[in-house]
Amino acid sequence: MSDLPLQNSQRSIARRGFWQRMLQQRYLYFMAIPFAIWVFLFSYLPLWGWTMAFQKFRVGQSFFDQKWVGFDNFRMLFQDDQFINAMRNTLAMSLMGLIAGFTVPIIFAVLLNEVRISFLKRFVQTVSYLPHFVSWVVVAGIITKMLSTDNGVVNQLLMNLHLINEPIAFMAKENLFWYVVTSADVWKETGWNAIIYLAAISGIGPELYEAARVDGASRLKQMWHITLPGIRSTIIILLIMSIGHLISIGFEKQFLLGNNLVKDKSEVLDLYALKYGLGMGRYSFGTAINIFNSVVSLILLFVANGIFKRVTKESIM
Amino acid sequence: MSSMKRMTGLGVTLTLAVGLLAGCGGSNDDDKGAQTTETGDTSSADQTKTDDKSPITFSFFAEDANPNWQGMKDQVGQAITEATGVTLNAEFAVGDPSQKVALIATSGDYPDLISAKGDLSKLVDAGAMLDLTDLIDKYAPNIKKLFGDQMKRLRYSNDDQSIYVIPTYSGMDNKSFVAGGGFELQHRAVKEAGYPSIKTLQDYENVIKAYLEKHPTDEAGNKNIGVTLNADDWKMYISVTNPAAETTGKSGDGEYYIDPATNEAHYHFRTEGEKEYFQWLNHMYNTGLLDKETFTQKSDQYLAKIASGRVIGLIDADWDYSDGEKSLKSAGKYDQTYGHYSVMVSDKYKDNRFQSTGFTAGWGVGITKDCKDPIRAIQFLDYLASEQAQVLNNWGIEGKQYNMQDGKRVVPADVQQRIVNDNTAFSKETGIGFYTNIGAHYGDGVKDSTGNYYTKNFPEQIIDSYTDEDKETLKAYNATTWMDLFPNEDQFPIKAWGAAWNIAVPSDDEVNILANKMKDITWKWIPQAVMAKPEEFDAIWDKYQKTLVDAGVEKMEKGFTRYVQDRVKLWNE
């Protein structure tokens, strides 16, 4: 963008400051404008709606006719056992999902990277990420059928192996629900999540591996000392970002796989917000839940970021 | 950290700026609202438009799914479009309809016509609905004729006496001829038991038990299933919780039992006899007669089981399991289809499921304030309430789906054959029945100007729709229709409050929140109680009852009682 010699340009920045530099980089700024507008429209503009949480909001009335109620909605929220329960379930399931959703794809990517036959590697990769494109509705149907006590595959297998004498009602056991959801998630997303690690791995220079081989490092050693450190920054950035999303795990899985027997373990925040907020026309209450979610997410994000900054010197901010 | 501070500052500035913008946006909306009403007024003054039959398309949203809907390209639909010029661009709810209505109410982007069933209050609160009182008065002679003196039941509430919907979910002067609920048993099971009297839970259980003992598996070696229930989402009401009220003589008021003497509402799970019902389910579960998957299966698994013919007994309504039964019929397994029986916890209760509610207004189609032409819309609804349209919707087109022979409407044998055995394709082609819940109509057993019944549900016609196996079983019980096995509506007084399930509670009332809480509690505890070990049942039941009380069930009952008493006043003054 600039034809000036480096020294000269540095001096001019110091002198003429920010606006000069902005003018020089105008094309970059132009390119960024659409995205800035996008972020504004979809991430900042809706924040106005947060005012609803402090009102007794009635649809169709103008902003100035709404009744203000202060923190009533939040008070109601924190006094509700179901909310506390939903909070616990959300955090538990997303933590389990986070742990499984990180380790499994990384291991998978590292192992897949070691496959030497390129056709096989591509084939496995394609097959493994295909489930990502199947909707949760279908996946839930498949899983419920597989775990069924009425001729379900899993139960038949276990029975034939004589591991159990009577079919296990997987979907009826509260304590299994978190595991069912987590494993379903792993099955569906492992291949897809591995793609980004595979991409990062392919960015590691082959000379490092060559040098290691010359030094006599085994394949396992190479994985441990070259591949994993090579994708460390990718892992950390993704980890920090997903910690920020811990609380907003959506509700499709829980909604579709759950039933009344496992409700105490399956109700998550989004489902709670849908049922007791929007579903009942309590827009203010729903917004209060949403605000609370955002605040918790922010705190989690900053905490995670801070820890990683200190420990590994890598961070996103 | 300083960069953080700057960020926050920026955030605040942005929020404020946005506040200004949104403020302006809001007032714009108001202007638009005012304009719409103005145009509405001018067009209502324009009397020349009354006979307008030019093509017009109305958008329409309905809470009930209609998977066979053909966009009015079906034969009946085309006839309606021809008569009125109206085509409906219909959208039907997928998934939870009340959430969809909540979204419509918030978005402010309303369809021209909407059928929101019990969620009407959300739209009314949002100011989305048009008061139809004047429109009906000016442009809807058929509707006026149809409702006659029951018109006062169309009013919304004591405080707001507007008419927001044309009730379309119940037929005027309806007499029950069809028994589609109760307890169901496969014909082969009752036949093998020698057609015993089936009046109590014990009778019902005996038939199933005897059949399973003799035939534990089907031909392919898969296990036969005694009873399975559909507990998937709201079907829970139909198949699991409502039967508890029905088998103890407290049918028809949803989650409540209304004391006819005092008009007081009670959460029905707290009333007498219900514990025995669930204890019986618990017993069925523990003896292996109730499907172990009852509370975990989804609707499609449930239907698949019925379609396999392995399920001996059901406790459900025919419209919920009919998709499974249809497969049995097309496979020719008629002896594995079901008959309906009036089963009570014990003989001290009397089945009141056919007790008359009078005309149950409340659920129906309304016109929104966004409607481009409310007059054409009311005329369309008025046409649907006409004799011509009702016959069209119920019987089809003369010369095609029915013929007039000696002044009587007769369905040709080949058409009847298709209605019974090839229903889906037949419906899609003809559109018969698609418009029932869109237009006001007479109920079963009412005769039109030609002396024929409006609907196809009258004893002679119903018998035609039965299979030979149905008839065989009925004959053994000395009955001609399933209805004959249930106590008739003449044996009960008319309910002054109509039906509790269609009493609308304003969306921000605490009763709603409490009702949702009670639903969550009940739906969690009932499956647990049913699946408990027999000796633990009592303890779990007591805990369930206590949880209800702790969650404020008494407050909810008191709150709802007020609405019941208001309704009694509104409808009977």
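1. A quick word before we start: two residues are in contact when heavy atoms of theirs come within 4.5 Å. Keep that in mind for Tyr195(B). Leaving aside neighbours within four places in sequence, Tyr195(B) is in contact with Val190(B), Glu472(B), Thr473(B), Ala476(B) and Tyr477(B). You'll find Tyr195(B) in the loop of chain B between α7 (187-192) and α8 (201-214).

2. Before going further, remember that this is a predicted model. The predictor gives the complex an ipTM of 0.78 and a pTM of 0.75. For chain B the average pLDDT is 87, and 91% of the residues score at least 70. Residues 1-49 of chain B are another matter: the pLDDT there is below 50, and the stretch has 18 contacts in the model beyond near neighbours in sequence. I'd read that part with care.

3. Back to Tyr195(B): is this residue buried, partly exposed or exposed? Its relative accessible area is 21%, so Tyr195(B) counts as partly exposed, given that buried means under 20%. Tyr195(B) and Asn457(B) are 262 residues apart along the chain, and their C-alpha atoms are separated by 26 Å.

4. Now have a look at Ser356(B), in the loop of chain B between β10 (338-341) and β11 (364-367). With a relative accessibility of 17%, Ser356(B) counts as buried, because the cut-off for buried is under 20%. The Ser356(B) side chain reaches the backbone nitrogen of Gly358(B) at 3.1 Å. If you skip residues up to four places away in sequence, Ser356(B) touches Glu489(B), Pro493(B), Ile494(B) and Lys495(B).

5. What lies 2.8 Å from a polar atom of the Thr84(B) side chain? That would be the backbone oxygen of Ile80(B). Setting aside residues up to four places away in sequence, Thr84(B) touches Asp52(B), Lys53(B), Arg376(B), Phe380(B) and Tyr383(B).

6. On to the nonpolar cores. How many residues does the largest one have? It has 77, and those with the most contacts inside it are Tyr204(B), Tyr277(B), Phe278(B) and Phe560(B). Helix α19 of chain B (residues 510-531) supplies the largest share of this core, nine residues. Apart from it lies another core, of 61 residues, among them Val76(B), Tyr139(B), Ala389(B) and Val446(B).

7. Let's zoom in on Tyr277(B). Not counting residues up to four places away in sequence, Tyr277(B) touches several residues, including Phe183(B), Leu201(B), Val240(B) and Pro243(B). Also on its list are Ala244(B), Thr247(B), Ile315(B) and Val345(B).

8. Chain A deserves a look, starting with helix α8 (residues 177-202). At 1.5 Å a residue, the 26 residues of this helix should span 38 Å, and the end C-alpha atoms are 37 Å apart, so the two values agree. Where is the kink in α8(A) centred? On Glu189(A), with an angle of about 50°.

9. Last stop, Gln24(A), in helix α1 of chain A (residues 6-24). Gln24(A) has a relative accessible area of 23%, so this residue is partly exposed. Gln24(A) and Ile243(A) are 219 residues apart in sequence and 37 Å apart in space, going from C-alpha to C-alpha.

Note on methods:
Residues are numbered from 1 along each chain as its sequence is written. Chains are lettered from A and ligands numbered from 1 in the order in which they are written. This is a predicted model: local features need pLDDT of at least 70, side-chain atom pairs count only at pLDDT 80 or more; totals for chains, interfaces and linings use all residues. Side-chain values use heavy atoms; hydrogens and water are left out. A polar contact is a pair of N or O atoms within 3.5 Å; within protein, one must be able to donate a hydrogen and the other to accept it, and residues adjacent in sequence count only if both atoms are side-chain atoms. Helices (H or I, at least four residues) and strands (E, at least two) are DSSP runs, numbered from the N terminus. The expected span of a helix is 1.5 Å times one less than its number of residues. The bend at a residue is the angle between axes fitted to the seven residues ending there and the seven starting there. pLDDT is the predictor's confidence in each residue, from 0 to 100. A nonpolar core is a set of buried Ala, Val, Leu, Ile, Met, Phe, Trp, Tyr and Cys residues joined through side-chain atoms within 4.5 Å. Buried means under 20% relative accessible area, exposed over 50%, partly exposed in between (1.4 Å probe, protein chains only).
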